[in-house]
Amino acid sequence: MTTRAVLFDVDGTLVDSNYRHVHAWSQAFALVGRPVDAWRIHAAIGMDSGLLLNELLGEEAAELGPRAQELHGRFYAEASRDLRPLNGARELVKEVARRGHAVVLATSAPEDELATLRDALQVDEFVSLSTSSEDVGTAKPEPDIVRVALTRAGVDACEAVFIGDSRWDVEAAARAGVKCVALRSGGTGALELFNAGAFFVWDDPADLLAHYSETLE
C-alpha cells in the first residue's frame, strides 16, 4: 500500500528535547521529596504523564503526582527556551511534504509545549495537521493519539507510517496497526526499539532521510 501520511512524534524525534524533560522531572521529583534516578526517568519519557508518574512514584503517585507534574511543567518551560531541531529534522519534514505525503505531528504534548516545539522546528508551512494532549484521555503506549491522527488525516492504518523514538511510540503505533520507524535520537537503543516492534531503526532524522525510499515508500 502506498504511503499517504507520515505521522511524527516530536519530542526526541524531531526536536532534541528528551533530556530536558528528564532534567525537569528530576528536579520536580527532588522537590516533592521523592528523588528518582535519571535513567529511570529517561526510560519512561514518551509515556503518558499519568502512567509515567505511576511507574516512577508507585503508591505515592496519587499524593505527589499532581505537584510533581506542575513543577515539571515549570522547569521544562524554563529549560526549553533554546530548543533546537535534531539533525536533519527540518529537511526530513520538507522532503515528506515534497513527495506528496501528509505531514502529521502526532504528539500528546500539551498545547503550550507543542507551540514551543513548533517554534523550534520552523516547518509549519509543511505540516498538514497536528494532535495534542487535549485530543485523548490517555497517551502512549495507548494507541488513541495515533488513531486520532489517522482519522484527521483521512487515511487507513495501512496507508501511514509512524516515526518515533521510544518503545512507547512503537507500541502505540503497533496497537493502531501502523508500521513504525524508530530513531535512536531520543536515547533509546536499537535493540529495544526493534524488540518493541519497529520495522526500521535509524540514528536520527538525517539518517532516515538518507534511507527515505527504502523506508517510507
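Mentor: In E4, Val 161 is the bridge partner of Val 6. The model is a predicted one.

Trainee: How many bridges join strand E1 to E4, and how do the two strands run?

Mentor: Strand E1 covers residues 5-8. Val 6 has its bridge partner Val 161 in E4. The two strands are joined by four bridges and run parallel.

Trainee: Are the residues on the two faces of E1 buried or exposed?

Mentor: In a regular strand, side chains alternate between the two faces of the sheet. In E1, Ala 5 and Leu 7 are on one side, with Val 6 and Phe 8 on the other. Both faces are covered, and all four of these residues are buried.

Trainee: What is the strand order of the open sheet, and which are the edge strands?

Mentor: The open sheet has six strands with parallel pairing, in the order E3-E2-E1-E4-E5-E6. An edge strand here pairs on one side only. The edge strands are E3 (129-130) and E6.

Trainee: Which residue in E5 is the bridge partner of Phe 162?

Mentor: Strand E4 (residues 160-164) and E5 run parallel and are joined by four bridges. The bridge partner of Phe 162 in E5 is Cys 180.

Trainee: Which helix does the chain pass through from E4 to E5, and what is the hand of the crossover?

Mentor: The loop between E4 and H8 contains Ser 166, which is buried at 4% relative accessibility. The helix covers residues 167-175, and the chain crosses through it to E5. The helix is H8, and the β-α-β crossover is right-handed.

Trainee: Why is strand E5 described as largely enclosed?

Mentor: Strand E5 covers residues 179-183. The cut-off for buried is under 20% relative accessible area. E5 is largely enclosed by the rest of the structure because four of its five residues are buried.

Trainee: Which residue in E6 is the bridge partner of Ala 182?

Mentor: Three bridges join E5 to strand E6 (residues 200-202), and the two run parallel. E5, helix H9 (residues 190-196) and E6 also make a right-handed β-α-β unit. The bridge partner of Ala 182 in E6 is Val 201.

Trainee: How many aromatic pairs does the structure hold, and why does the pair of Trp 25 and Phe 29 count as stacked?

Mentor: The structure holds two aromatic pairs. The ring centres of Trp 25 and Phe 29 are 5.4 Å apart and the planes are at 20°. Planes under 30 degrees apart count as stacked, so the pair of Trp 25 and Phe 29 is stacked.

Trainee: Where are Trp 25 and Phe 29, and are they buried or exposed?

Mentor: Both residues are in helix H1 (residues 18-31), four residues apart, and are separated by about one helical turn. The relative accessible area of Trp 25 is 4%, and the relative accessibility of Phe 29 is 0%. Trp 25 is buried, and Phe 29 counts as buried.

Trainee: What is the angle between the ring planes of Phe 200 and Trp 202?

Mentor: Phe 200 is partly exposed at 23% relative accessibility, whereas Trp 202 counts as buried at 14%. Their ring centres are 6.1 Å apart. The pair is stacked, with its planes at 10°.

Trainee: Which residue lies over the face of Phe 199?

Mentor: The distance from this residue to the ring centre is 5.9 Å. The residue over the face of Phe 199 is Lys 179.

Trainee: Which element gives the largest share of the lining of the largest pocket?

Mentor: The largest pocket has a volume of about 650 Å³ and is lined by 33 residues, with Ser 49, Ser 108, Ala 109, Pro 110 and Glu 113 nearest its centre. The elements giving two or more residues to the lining are H1, H3 (49-57), H4 (61-79) and H6 (111-121). The largest share, five residues, comes from H4.

Methods
Residues are numbered from 1 along each chain as its sequence is written. This is a predicted model: local features need pLDDT of at least 70, side-chain atom pairs count only at pLDDT 80 or more; totals for chains, interfaces and linings use all residues. Side-chain values use heavy atoms; hydrogens and water are left out. Rings of Phe, Tyr and Trp (its six-membered ring) pair if their centres lie within 6.5 Å; planes under 30 degrees apart count as stacked, over 60 as edge-to-face and the rest as tilted. Buried means under 20% relative accessible area, exposed over 50%, partly exposed in between (1.4 Å probe, protein chains only). A charge sits over a ring if NZ of Lys or CZ of Arg is within 6 Å of the ring centre and within 35 degrees of the ring normal. Two strands pair if DSSP finds at least two bridges between them. A crossover is right-handed if, with the strands pointing away from the viewer, the path from the first strand over the helix to the second runs clockwise. On a 1 Å grid over the protein atoms alone, a cavity is a set of points where a 1.4 Å probe fits but cannot get out, and a pocket is an open set with protein on both sides within 12 Å along at least five of seven lines; lining residues have an atom within 4 Å of a point. Grid points are joined across faces, edges and corners, and a volume is the space filled by probe spheres set on the points.
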